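Subject: The structure, and what I found in it

Hi there,

Here is the structure I promised to pass on. Have a look at it first, and then read on for my notes.

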Amino acid sequence: MQVPHHSKRFASCSVLRTLCACAAASLVGTGFASAQSGTAVFNKMEAHYNAASSFSATITLTQSKKQGKPTGSIISTQHVLYRAPNKFRVETAANGSGGMAAIHRHDLRMSDGAAMVEFDPATKKYISRPAPPKLTAGQILGLAVPTSGIKLLPATHVGARAVWVVEVPVPPLPATISPQQRGQIAPFLAPTVFYIDKQTNECLRIVHDAPAANTEVTFTSQSFKASVPASLFHFVPPKGATLVQPPAPGAQPHP
């Protein structure tokens, strides 16, 4: 799932961008192998998801705006289903609080292997595109990110599970953006931290804490042997739904 530098949709959840390096000496005696590195840990996690023939999970994404108006939080719950080579279903429900209390959103993204569909129940509009021949669970979750400069931080626990902690740096901003745009974006930029189970290579938690906003992602009920009925990947337009043209490149992808 992608972690946004500022409030944006799952891409979805696409919410993830981050860094890599060698482990610190403080990790000696905590099960750290001398050849281990942040890049190696991240690559093992990514490979684990990309190798999955089926997958299911519930993902909770909490976004809190700390600067500017309105301040407040948005909590999104995503139910993710996947079957190789290219079928998926991601259902998202989002609700705001505080200054964002008016935000309520429910959407559906899915692929039956032939077409990818994005459906907005509020407007009853949907778009459809040809599905690529291959999509991995890692791509659906947004875990495929550049691994240059990934840093291994001191190990810790998430609940009772021992985890590696890797920090992915902020990617370079496009050279084409103006100084004014850079100034607007800068408060939302920060490294992203992944908490990865040492035994299973599963991602359990992702944190992106910038001066202007905080995003935290938690993964629960993950299954890499999910039995998913084929019917759940098939989109049946509800009565009154309208097919619309996909947005132009660079435009908001939601219909």
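Let me start with a question: is Leu189 buried or exposed? Leu189 is buried, since its relative accessible area is 16% and the cut-off for that label is under 20%. Please keep in mind throughout that this is a predicted model. Leu189 belongs to the loop between α3 (179-185) and β9. Its C-alpha is 8.4 Å from that of Ala212, although the two residues are 23 apart in sequence.

Next, the strands. β1 (residues 54-65) and β2 run antiparallel and are joined by twelve bridges. Within that pairing, Lys65 sits opposite Gly72 of β2. Six residues separate the two strands in their hairpin, and Gly68 there has a positive phi near 75°. β1 also pairs with β11, again in the antiparallel sense, over nine bridges. Here Gln63 has Thr215 of β11 as its bridge partner.

A second hairpin is made by β7 and β8, with two residues between them. Gly159, in the turn, shows a positive phi of about 65°. The strands themselves, β7 (residues 151-158) and β8 (residues 161-168), are antiparallel and share six bridges. One of the pairings to look for is Thr156 with Val163 in β8.

Now to the aromatic residues, where the count comes to six pairs. Tyr49 and Phe55 make an edge-to-face pair, because their ring centres are 5.7 Å apart and their planes meet at 70°. Both Tyr49 and Phe55 are buried. Phe119 and Phe235 give a tilted pair, because the planes are at 50° with the ring centres 5.5 Å apart. Phe119 is in strand β5 (residues 115-120) while Phe235 is in the loop between β11 (213-223) and β12 (242-243), so this pair ties together parts that lie 116 residues apart in sequence. Phe119 counts as buried at 8% relative accessibility, and Phe235 counts as buried at 13%.

Lys198 is over the face of Trp164, 4.5 Å from the ring centre. Arg205 is over the face of Tyr195, at 5.0 Å from the ring centre.

On to the interior. In soluble globular proteins, nonpolar side chains tend to be buried together. The largest nonpolar core here has 31 residues, and those touching the most other members are Phe42, Met45, Tyr49, Phe55, Leu141, Val166 and Phe194. What is Phe55 in contact with, leaving aside its neighbours within four places in sequence? The contacts of Phe55 include Tyr49, Val80, Leu81, Tyr82, Ala137, Leu141 and Phe224. There is also a second, separate core of seven residues, among them Leu153, Val193, Leu204 and Val207.

The side chains of Asn214 and Asp209 make a polar contact at 3.3 Å. Beyond its neighbours within four places in sequence, Asn214 is in contact with residues including Thr62, Gln63, Ser64, Val207 and His208.

Finally, a few backbone details:

- The peptide bond from Ala84 to Pro85 is cis, with omega near 5°. Pro85 is in the loop between β2 (72-83) and β3 (87-98).
- Lys124 has a positive phi, near 60°, and is not a glycine. This lysine is in the loop between β5 and β6 (125-130), and Lys124 is partly exposed, with a relative accessible area of 39%.
- Asn201 is not a glycine either, yet its phi is positive at about 65°. Asn201 is in the loop between β9 (192-197) and β10 (203-209) and counts as partly exposed at 21% relative accessibility.

Best wishes

How values were computed
Residues numbered from 1 in each chain as written. Predicted model: local features only at pLDDT ≥ 70, side-chain atom pairs only at ≥ 80, totals over all residues. Heavy atoms only, no water. Pairing = 2+ DSSP bridges. Helix = DSSP H or I, 4+ residues; strand = E, 2+ residues; numbered from the N terminus. Phe/Tyr/Trp six-rings, centres within 6.5 Å; stacked < 30°, edge-to-face > 60°. Buried < 20%, exposed > 50% of the residue type's maximum accessible area, 1.4 Å probe, protein only. Lys NZ or Arg CZ within 6 Å of the ring centre and 35° of its normal. Core = buried A, V, L, I, M, F, W, Y, C linked by side-chain atoms within 4.5 Å. Contact = heavy atoms within 4.5 Å. Polar contact = N/O pair within 3.5 Å; in protein donor to acceptor, adjacent residues only side chain to side chain.
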